[in-house]
Amino acid sequence: MSASTPIPPMIVLTDLDDTLFSSIRKQGGRSAPAEASTLEVAATLRDGRPISYTSSIQRAFIGWLRRADLVVPVTARTTEAFKRVNIRFDGGAVVEHGATILRADHTSCPVWAARVNAALANEWAPLEALHAQMRSALGPQYSVRLAGDGRPVYLMVKHLDGDEAAIRGAFETLVRPWADHHPGYHLHINGNNLAVMPPSISKRAAVAWLICDLRLAHPGACFVGAGDSSTDWSFMDLCDFAIVPQGSQISGVLGAVLHG
Ligand SMILES: [Mg+2]
């Protein structure tokens with residue numbers, strides 16, 4: 001490449017939780033004890049208590065990402081939870097598993113919101129029924145709720161003690177049989193997080209729409225996707241390059257496929 005050749009802009013689309021930062025439990029699982037003292041708070045709960053941390057390695061990665069022309073978070077977090085992330089992003093963001101696209105001023109993109117709301121009118125009733133079924137079947141040790149900004153857009157289930165085997169059991173006995181009769185709904189399970197999204201809501205759908213928009217503003221741009229969960233692959237697959245954290249759900253799948 002000659003010195004006079006202009007370098008195209010680089011745009012990074014990145015997941016947040018377990019990609020740029022992690023809970024203290026997961027940090028403990030993959031950090032050497034000596035690194036524990038280097039953890040820094042990356043996100044807080046509503047009451048201000050820390051909930052997520054960056055390791056020194058994750059901060060190095062974030063610093064490297066900042067060399068890109070634009071970094072767009074693509075997260076399951078609601079807008080309110082996204083605002084409790086301490087890392088500064090200067091552009092827009094995809095939040096709520098793709099149900100909402102935030103503009104640079106953190107207001108919702110009305111064009112995308114109208115598309116999602118129109119689709120939800122036909123896709124919401126089955127999810128409400130699954131919500132009711134899971135609330136009656138699961139005990140008080142589970143959080144089963146319809147989550148979203150102002151209006152609910154997806155079903156979210158967690159075990160209050162972080163019992164990942166119990167969440168997997170709930171998925172296999174309740175969600176999978178339901179999904180067999182409701183094709184098109186997106187299922188996400190990773191650790192203690194179980195989510196069911198309507199067909200029109202996905203990180204992939206929102207990123208596909210956003211990339212069309214960004215290509216107009218940044219002709220010839222190189223898109224890089226980063227994420228840890230299998231559901232992140234749905235949008236990383238739309239990018240020119242993909243970055244996966246070591247020890248993540250995607251790296252586990254890749255390792256099993258490539259090395260048995
Ligand atoms: Mg993640």
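Which residues does the domain assignment of the chain give to domain 1 and which to domain 2?

**View 1. The two domains of the chain.** Domain 1 takes in 10-110 + 202-259, and domain 2 covers 122-197; these bounds come from an automatic or database domain assignment. This is a predicted model, in which local features need pLDDT of at least 70, side-chain atom pairs count only at pLDDT 80 or more, and totals for chains, interfaces and linings use all residues. Residues are numbered from 1 along each chain as its sequence is written.

**View 2. Where domain 1 meets domain 2.** Twelve residues of domain 1 are in contact with ten of domain 2 (C-beta atoms, placed from the backbone, within 7 Å). The C-alpha centres of the two domains lie 23 Å apart.

**View 3. An open sheet of four strands.** Here the order is β8-β9-β11-β10, with antiparallel pairing. Strands are DSSP runs (E, at least two residues), numbered from the N terminus, and two of them pair if DSSP finds at least two bridges between them. β8 (142-147) and β10 (186-190) stand at the edges with a single partner strand each, so one side of each has no neighbour in the sheet.

**View 4. A closer look at β11 and its partners.** β11 (residues 193-197) is joined to β10 by five bridges and to β9 (residues 154-159) by three. A195 has H188 as a bridge partner and also stands opposite M156, while L194 is the partner of I189. Four of the five residues of β11 are buried (20 or more other C-beta atoms within 10 Å of their own, with C-beta atoms placed from the backbone). In the hairpin of β10 and β11, with two residues between the strands, G191 takes a positive phi near 65 degrees.

How values were computed:
Two residues are in contact if their C-beta atoms, placed from the backbone, lie within 7 Å. A residue is buried if 20 or more other C-beta atoms lie within 10 Å of its own, exposed if 12 or fewer, and partly exposed in between; C-beta atoms are placed from the backbone.
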